[in-house]
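Here are some short notes to read alongside the model. Please keep the structure open while going through them.

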Amino acid sequence: MKRLLNILFWSVIAAAFIGPGTVTTAARAGSDFRFAVAWALLFSVIACLVLQEAAARITVCTGKELGEAIRMRFGVSPLRRWIPFLVAAGLILGCAAYEAGNLLGGVAGLRLVVDSSPGMLTVIAGGLAAALLGTGNTRWIARILGALVAFMGGAFVLTAIRLGPDLIELLGGLAIPRIPAHSTLLVLGLVGTTVVPYNLFLGSALARNCDLGEMRWGLTVAVVGGGVISLGVLVVGSALGGGLEYDRLAAVLEHRLGGGAGASLALGLFAAGFTSAITAPLAAALAARSLSGGDGDERWSSHSARFRAVWMGVLLAGMAFGVADVRPIPVIILAQAFNGLLLPMVAVFLWMTMNDRQLLGDEGVNSVVQNVLMGAVVLVCIGLGLRGLIAAVGSAWTFLGGG
């Protein structure tokens, strides 16, 4: 029973990265390229495990959260004190971008089965998220989100199995890395929606009072399970065969699998949006606290004005997009790409911190194998980030008439 509760607790990490961003980006990848970029999901799961384990290991071994460790590692001289603030600002902006996609995607799911205005549904969903965040109890929130993730995952995985994908083609897509033409931002989005920068701070905060074995077991089951759900979404998206609109996807699934498939998509999409609409503001506040004050600073307690101001600001930013009735899919994909660009910066700081023996001691510092794995992850993230930046600049240049 204890092991099951541990898995449910760590499932908050899966709840944080399996939002409408994952659903939209993975479904769009399947729709446009079938299984050709499935390898990016496999890489993302490995990268997520490596980085999340490192961030949580800091807390288990030192009692300090990731932000505190970064502040101690890089904020010791006047020239480098800006680094924690730069990271905090980037993470809060990234969380706000995610939150817009979370609420827009969740509301889009509801609108597949509920005839109501997007603005009204956004206010209701945002109000429910605020009420849950207002409790300030991260363990209680984590277990509720874990149960919702289990429901959401079941809906997508069962739908994918019923579609009966070509297993040879799927295995080929997982094993052979390639970036088809016009797929760069989607590949970056798949990485950015799974290896979420703010999740590293959330996982570090959750690791308080855990031991290494308990943390590694719960985290592995949660992340691998999340990867299976993401792959299921990609398979579901492949049923469309080009282009992605939620209502068209629901119609295709209903045609191929029966009337209940559209409802499963709607409820799964809402569950994805609602769980992530809670974790993004919470993670932003936890990151700001650990980078600015630390867990022991009463000015940053879970019920303090500062802590509440951060999560409320992120939540309101997301709600503003929903009330304005912005089209969800472009916003969601751009948010994933933005966070894919932010990830290399956070990953580099984490890698450097994990080699600080003075901070982590002999037990916590990276081994040779861990350094090789983390170095490979960091280098791939940097490469994808640079390629995504070039693609984004090229798209903007073309849009402005420069080429």
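1. A term comes first: a crossing of two helices is right-handed if the near helix is turned clockwise from the far one by less than a right angle, and left-handed if anticlockwise. In this predicted model, α3 passes α11 in a right-handed crossing.

2. Two packed helices are described by the angle between their axes and the distance between the axes. For α3 and helix α11 (residues 212-238), the angle is about 160° and the axes are 10 Å apart. Angles over 145 degrees count as roughly antiparallel, and α3 and α11 are therefore roughly antiparallel to each other.

3. Which residues make the contact between these two helices? On the α3 side they include L41, V45, L49 and V60, and on the α11 side they include L219, V223, G227 and L234. Sorted by class, the contact of α3 with α11 has 14 nonpolar, four polar and three charged residues.

4. Helix α3 (residues 38-62) also holds T59. Is T59 buried or exposed? Its relative accessible area is 4%, and buried means under 20%, so T59 is buried. The side chains of T59 and S204 are joined by a polar contact of 2.6 Å. Apart from residues up to four places away in sequence, T59 touches S204, K64, E65, L66, A207 and R208.

5. L163 lies in helix α7 (residues 138-163). With 12% relative accessibility, L163 counts as buried. Beyond its neighbours within four places in sequence, L163 is in contact with residues including V236, L253 and L257.

Definitions and conventions: Residues numbered from 1 in each chain as written. Predicted model: local features only at pLDDT ≥ 70, side-chain atom pairs only at ≥ 80, totals over all residues. Heavy atoms only, no water. Helix = DSSP H or I, 4+ residues; strand = E, 2+ residues; numbered from the N terminus. Buried < 20%, exposed > 50% of the residue type's maximum accessible area, 1.4 Å probe, protein only. Polar contact = N/O pair within 3.5 Å; in protein donor to acceptor, adjacent residues only side chain to side chain. Contact = heavy atoms within 4.5 Å. Axes fitted to C-alpha atoms, helices over the stretch in contact; angles between N-to-C directions. Parallel < 35°, antiparallel > 145°, perpendicular 65-115°, else oblique. Nonpolar A, V, L, I, M, F, W, Y, C, P; charged D, E, K, R; others polar.
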